[in-house]
Amino acid sequence: MILESISSNKLFEGWHKQYTHPSQILNCKMRFAIYLPPQASSTNPVPVMYWLSGLTCSDENFMQKAGAQKLAAKLGIAIVAPDTSPRGKGVADDENQAYDLGVGAGFYVNATQAPWNKHYQMYDYIVNELPALIEANFPVTKQRVISGHSMGGHGALTIGLRNPDLYQSISAFSPICNPINCPWGQKALSAYLGENRDDWKAYDSCELLAKTKQHQAILIDQGSNDSFLQEQLKPDNLLAVANSELNNFTLNIREGYDHSYYFISSYIESHLQFHAKNLGLTTQN
């Protein structure tokens, strides 16, 4: 698969790089960013944290605003940030150009309904095509963890829970926890998957967690002043189905924080420490 380099910047002795590539699954050109820590080499491949961003975002938001690279460089963790949807000429978009459906709003599902199903296969892209591309072209191992924010937090939870053999731990900031019961989720899932609500359950972390007897360690941070908390995010619904006996599910309510990257940048290092522990890496104080 052809990779085209479009930017490269050195930071914390590692490298932040952006690439485009033709995606066979999404039927369009896609862009992603990767941070390679200084430890990464052909003789010393490193594990990867996949970061999934939220509505309207691209690969750039997290890499430019979260401040994750300094600790990732110390820990020896690569970070891969894909785009949030297919883009380009011929890719379906909402006719009203709404921010919460279509371009920038792929919701990390495999669409079954026209016109979305031609391009919007984001679940398969994140789980299969992109990791295969990363592992074939960069000095990384097959060890993966997954994290994300808002719509991307929804993606991280559902993808991680559905693939416990592929992701050693899961974390999320302000995730959409119960999309089948919130306006964002209902709008997107009905468009991409159709009106059969049973089909939506495969992409709802509350439904998945309720049926899971054993899962990876999960860490969620949620701001108490998030304007989307009650109507869209619903973390209490996820907490209600979490199995307290497993003792590997943590939901932190962070007083005064909102939905922004100010919140993410305040706690991203604790998420990296969490993933490093589950990857068996030495963490920093």
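Predicted model: local features only at pLDDT ≥ 70, side-chain atom pairs only at ≥ 80, totals over all residues.
The phi of Q97 is near 55°, which is a positive value in a residue other than glycine. Q97 counts as exposed because its relative accessibility is 67%, and the cut-off for exposed is over 50%.

P115 also has its place in the loop between strand 5 (78-82) and helix 3 (122-137). A cis peptide bond joins A114 and P115, with omega at about 0°.

K234 is not a glycine, but has a positive phi of about 55°. The place of K234 is in the loop between helix 8 (229-233) and helix 9 (235-241). With 22% relative accessibility, K234 counts as partly exposed.

## Strands 1, 2 and 3

Strand 2 covers residues 14-23 and pairs with two strands, strand 1 and strand 3. Strand 1 (residues 4-11) and strand 2 are antiparallel and pair over seven bridges.

H16 has Y35 in strand 3 as its bridge partner. In the hairpin of strand 2 and strand 3, four residues stand between the strands, and N27 has a positive phi near 60°.

How many of the 10 residues of strand 2 are buried? Eight of them are, and the strand is mostly covered.

## Salt bridges

The structure holds 10 salt bridges. One of them is between E13 and K10, where the closest N and O atoms are 3.6 Å apart. E13 counts as exposed, at 56% relative accessibility. K10 has a relative accessible area of 49% and is partly exposed; the cut-off for exposed is over 50%.

R144 and E135 form another salt bridge through their side chains, with 3.5 Å from N to O. R144 has a relative accessibility of 9%, so this residue counts as buried.

## The salt bridge of D59 and R31

Which parts of the chain does the pair of D59 and R31 tie together? The side chains of these two residues meet in a salt bridge of 2.6 Å, N to O. D59 lies in the loop between strand 4 (46-52) and helix 1 (60-65), whereas R31 lies in strand 3, so the pair ties together parts that are 28 residues apart in sequence.

Is D59 buried or exposed? D59 counts as buried because its relative accessibility is 1%, and buried means under 20%. R31 is partly exposed, with a relative accessible area of 26%.

## Summary

The cis peptide bond between A114 and P115 involves a residue of the loop between strand 5 and helix 3. Among the salt bridges are those of E13 with K10, D59 with R31 and R144 with E135.

Technical notes:
Residues numbered from 1 in each chain as written. Heavy atoms only, no water. Buried < 20%, exposed > 50% of the residue type's maximum accessible area, 1.4 Å probe, protein only. Pairing = 2+ DSSP bridges. Salt bridge = Lys/Arg side-chain N within 4 Å of Asp/Glu carboxyl O.
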